[in-house]
Amino acid sequence: MGKFQVLDHPLIQHKLTIIRDKNCGTKVFREVVNEISELMAYEVSRDMPLEDVKVETPIGWTTKKTLSGKKVAIVPILRAGLGMVDGMLELIPAAKVGHIGMYRDEETLKPVEYFVKLPSDISERQIFVVDPMLATGGSAIMAMDALKKRGAKDLRLVCLVAAPQGVKALQEAHPDVDIYTAALDEKLNEDGYIVPGLGDAGDRLFGTK
């Protein structure tokens, strides 16, 4: 079973509370999602592989650690996932960015895939799939399906808020995928929204209703 981790760093928790507030406007919401994503990138990259390198300091030569060149791809699930990309790129600027487009059928609540564009060497990359909400798990499962079908192997989901049902569904469908979230919330309501959650992340990021 893949790792499931709630990133309970005080700064992440504090900032998440700011964007949960229904009176938080689009500008602040977008900025704070960016900040949380950067903090989460720090946490989810904790086990990136290192190798030794020789370096000359002003005092002399030494052997120290550097990233071993494991390539990274950040793959947002459109459209809300876009809000998390820039924050992660702040810390991992060499990462390539792919995109997976999905929308939720309002009647069935099931995701429909409409767009996939990925780096050509996706099978060689450590992949962070980003989406603010893990609700029913449908979109995340379909995104992992789409990535695995195209050769991806090293997959992690990074989200801001998760519901227990979504975590369970994703773990059952893709037991090899690590899940990182800033919060595990109480439940889903009858409309498929996370309770207490933060509403529709896409609408709040882009000012649409």
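This is a predicted model: local features need pLDDT of at least 70, side-chain atom pairs count only at pLDDT 80 or more; totals for chains, interfaces and linings use all residues.

Reader: With which residue does D121 form a salt bridge?

Author: Side chains of opposite charge can pair when their charged atoms come close. A salt bridge is a side-chain nitrogen of Lys or Arg within 4 Å of a carboxyl oxygen of Asp or Glu. Here D121 pairs with K71, and the closest N and O atoms are 2.9 Å apart. K71 lies in the loop between β3 (61-67) and β4, and D121 in the loop between β7 (111-117) and β8 (126-130), so the pair ties together parts that are 50 residues apart in sequence. K71 is partly exposed, at 31% relative accessible area. A network of salt bridges links K71, D121, E124 and R125.

Reader: How many salt bridges does the whole structure have?

Author: A search of the whole structure finds 14. One of them joins the side chains of R20 and D185, at 2.8 Å from N to O. Since R20 is in helix α1 and D185 in the loop between β11 and β12 (187-188), the pair ties together parts that are 165 residues apart in sequence. R20 is partly exposed, with a relative accessible area of 24%, whereas D185 is buried at 8%.

Reader: Where do E31 and K27 lie?

Author: Both belong to helix α2 (residues 26-44), where a spacing of 4 residues separates them by about one helical turn. E31 and K27 form a salt bridge, with the closest N and O atoms 2.8 Å apart. E31 is partly exposed, with a relative accessible area of 37%, and K27 counts as exposed at 59%.

Reader: How is D178 placed, buried or exposed?

Author: D178 is buried yet has no salt bridge; R156, the nearest side chain of opposite charge, is 4.2 Å away. For charge, Lys and Arg count as positive and Asp and Glu as negative, while His and the chain ends are not counted. The side chain of D178 does reach the backbone nitrogen of K3, at 2.7 Å. A polar contact is a pair of N or O atoms within 3.5 Å; within protein, one must be able to donate a hydrogen and the other to accept it, and residues adjacent in sequence count only if both atoms are side-chain atoms. Leaving out residues up to four places away in sequence, D178 touches G2, K3, L155, R156 and L157, where contact means heavy atoms within 4.5 Å. D178 itself lies in strand β11 (residues 178-184).

Reader: How many helices and strands does the protein have?

Author: Helices (H or I, at least four residues) and strands (E, at least two) are DSSP runs, numbered from the N terminus. The protein has 6 helices and 13 strands. Helix α1 (residues 10-20) includes L11, which is partly exposed at 42% relative accessibility.

Reader: Which peptide bonds are cis?

Author: A cis peptide bond joins L78 and R79, with omega about 0°. R79 lies in the loop between β4 (72-78) and α3 (85-91). Another cis bond joins V195 and P196, with omega about -5°, and P196 is in the loop between β13 (194-195) and α6 (201-206).

Reader: How does the radius of gyration fit a compact globule?

Author: The radius is taken over C-alpha atoms, and the globule rule is 2.2 Å times the number of residues to the power 0.38. For 209 residues a compact globule would have a radius near 17 Å, and the protein has 18 Å, which agrees. Of the 209 residues, 45% count as buried. Among contacts between residues at least 6 apart in sequence, 63% join residues at least 24 apart.

Technical notes:
Residues are numbered from 1 along each chain as its sequence is written. Side-chain values use heavy atoms; hydrogens and water are left out. Buried means under 20% relative accessible area, exposed over 50%, partly exposed in between (1.4 Å probe, protein chains only).
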